[in-house]
Amino acid sequence: MAGHISQSTINYIHESSDIISIVGDYTRLTRKSGNDWWGCCPFHNEKTSSFHVDGDKKFYYCFGCHASGDVIKFVMEMEKVSYVDAISSLAKKLGTEIKYDDGYNPETVKKDDSTEKYIELYERTASLFHYFLMETEQGNKALEYISKRGLTKETLEKFKLGYAPADRKWLKKFLLSKNFSPDFLNQSGLFSQKYPDYSFFSDRLMFPIYNRKGQVVAFGGRVIPPADESQRKYLNSSDMKQFKKGETLFGFNFAKESIRKNKKIIFCEGNMDVIAYHQCGLDYAVATLGTALTEAHLKMIQGFVANGEVLLSFDSDGAGQNATRKAILMCRKMDLTVKIIRLKGGKDPAEIMLNFGKENLTTQVNSAILDVDYLLNTLGQKYPVDTPEGKWKASMEFFTYIDALQSDIQKESCLELLCQTFNLRPEAVKKDFKNRDQAGERLTMRPNNQTEQKTQININAELRGLIAVTADLNQFKLLRSNLAEEDFRNPDARRLYNILEGCFESKSFSIPDILSRLNDAALSQLVTDAISSGVYQKDNIEIILNDTIKYVKRNKIEEQRNSILKRIHDYIVVTEDDKIQMNKLLEEKMELDKQAALLK
């Protein structure tokens, strides 16, 4: 199907899409000059901004991991979708129709649009639940409970909280009356697998779960006190095509702009925690959905909080402390700074907000402590650190935190803090830590000392000129009017010229199109490195290109001249015709000498 999309559509999407805005939805970008933007790479962990987005060329490149491409490839990589789906998503954002070649009609091909249909179903169901909460007598109990917890009407509207009716058969009957098919509803996740006519959620306060685009993709449901103790307090939708627990954060659609602006994020345990923080103006809070914090969660936000901070707001009980410790290690391995919020005066943010007001909650968030202080404090409570055995156990557990740190300076400083806290000799602690490191290195050593082989690229004047042309494609007409593919002797230069010519002829002439045809990773990296580094500026590209043209022509003339000289050297003059032929060869050599002199 991808091949049927017209090149004019692809070109329009490439040129019209706002790559700065789209990339900026995943990482914080800062303008350096003109339309050049920089930020931390969303594809790998980093604290320094090595990710470059060229708004004019509609192109991104990371100097760290070498990820590169255009807006279509970016959407493919970040959303984990196909080429066609990426184009469809961008076309929808632009409000443009996708055109096809060869009379192709997409209506004749069965399309899997179940994701869109599920989202539509969940959006409508969220509106239903919200209506029940705000406008019906059935929802009074839930509305009274949530109001007593201090949530305002504006907050209820913002998060679109709702109420699922106690009648478990009502929702199915209603949706069937709206022409949803039974099979579709049975696979929607809204109904029991064992009893398909029964709603999965009933008599619960409902929290719509949104994707990063602000579309409802799932639900969380909480029992309303007083409730049957046999009931689970919280229920979340199961994973579906449009929803993955381990890749979704509650409240992220509301929080992402504030996270980007403040360069900080609060991770909570529950939906109510997030909502309370937002109502208090701390609108950079999010929560996981019945799962532990995952690497996928952190990748969602790492571009926004690089050189900022992650704040953890988990329960202070044993399970909460364990979750906090795991989250600290995961964040530190991704080079994220971590602080811990230690709430006092209530069991959760909503209770503190209700009892003491938003200023008190804000003060407690601003008083968050560094993770190293939190860990040393909890280890001191966990182990009898007044004994040698306790000191050793606390130190060994603390070493796992040291291992997760990405900076040698941080590691050394934290080892010193360990010594000061538990009254240990630095020499002994460093020795134990060093031995631990050596053991880890032995385990991770590569077998047979194998190393990766890198392709060697021959960089000469020919290849430099072609890379310069790739940096300013307007110069290609000058190049092709002077040289052809067969004029180049460098195989990499010949390959790049061939790709430039192919893209030019097919009217698909952009850097991403060119890179997509380069199957040589080393050559592709060389080109993207050179373009993104700014080595080739407009004021020197013409000079480089003219030098390349002269270089290639001189080499060609030199080859022709050497061939003629060889023929002259080998030629035996016997007849008058031989003399005439020899004179012609000498004239050809003289002409080549003149051409060579003009190229100096």
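Tutor: Two strands pair if DSSP finds at least two bridges between them. Helices (H or I, at least four residues) and strands (E, at least two) are DSSP runs, numbered from the N terminus. This is a predicted model, in which local features need pLDDT of at least 70 and side-chain atom pairs count only at pLDDT 80 or more, while totals for chains, interfaces and linings use all residues. Residues are numbered from 1 along each chain as its sequence is written, and side-chain values use heavy atoms, with hydrogens and water left out.

Student: What makes β10 and β11 a pair?

Tutor: Strand β10 (residues 264-268) is joined to β11 by 3 bridges, and the two run parallel. The rule asks for at least two, so they pair. I266 stands opposite A285 in β11.

Student: What packs on the sheet beside β10?

Tutor: Helix α12 (residues 295-305) touches β10 and β12 (309-313), and its direction makes about 150° with that of β10. Contact means heavy atoms within 4.5 Å. Axes are lines fitted to C-alpha atoms, for helices over the stretch in contact, and angles run from 0 to 180 degrees between N-to-C directions. Helix α13 (residues 318-333) also packs on the sheet, touching β12 and β13 (338-340), at about 160° to β13.

Student: In what order do the strands of this sheet lie, and which are the edges?

Tutor: The open sheet has 5 strands in the order β11-β10-β12-β13-β14, with mixed pairing. β11 (285-287) and β14 (369-370) are the edge strands, since each pairs on one side only.

Student: Why are β6 and β9 called edge strands?

Tutor: They belong to an open sheet of 4 strands, β6-β7-β8-β9, with antiparallel pairing. β6 (162-164) and β9 (234-236) each have a single partner strand, so one side of each has no neighbour in the sheet. From one strand to the next the twist averages 35°.

Student: How do you know that β7 and β8 pair?

Tutor: Strand β7 (residues 204-210) and strand β8 (residues 216-223) share 7 bridges in the antiparallel sense. M206 stands opposite G221 in β8. Helix α5 (residues 114-135) packs on this sheet, touching β6, β7 and β8.

Student: What makes β1 and β2 a hairpin?

Tutor: Strand β1 (residues 29-33) and strand β2 (residues 36-39) run antiparallel with 4 bridges, and 2 residues lie between them. G34 in the turn has a positive phi of about 55°. R31 stands opposite W37 in β2, and the bridge partner of W37 in β3 is V53.

Student: Why are α11 and α14 called oblique?

Tutor: Helix α11 (residues 271-279) and helix α14 (residues 349-356) pack at about 40°, with axes 7 Å apart. Angles under 35 degrees count as roughly parallel, over 145 as roughly antiparallel, 65 to 115 as roughly perpendicular and the rest as oblique. The pair is therefore oblique. M272, D273, A276, Y277 and Q279 of α11 meet P349, A350 and M353 of α14.

Student: What makes a space a cavity, and how many are there of 30 Å³ or more?

Tutor: On a 1 Å grid over the protein atoms alone, a cavity is a set of points where a 1.4 Å probe fits but cannot get out; lining residues have an atom within 4 Å of a point. Grid points are joined across faces, edges and corners, and a volume is the space filled by probe spheres set on the points. The count is 1, and the volume of the largest cavity is about 40 Å³. Its lining residues include F129, D167 and W170.

Methods:
1 Å grid on protein atoms, 1.4 Å probe; cavity = no way out; pocket = protein on both sides within 12 Å on 5 of 7 lines; lining within 4 Å.
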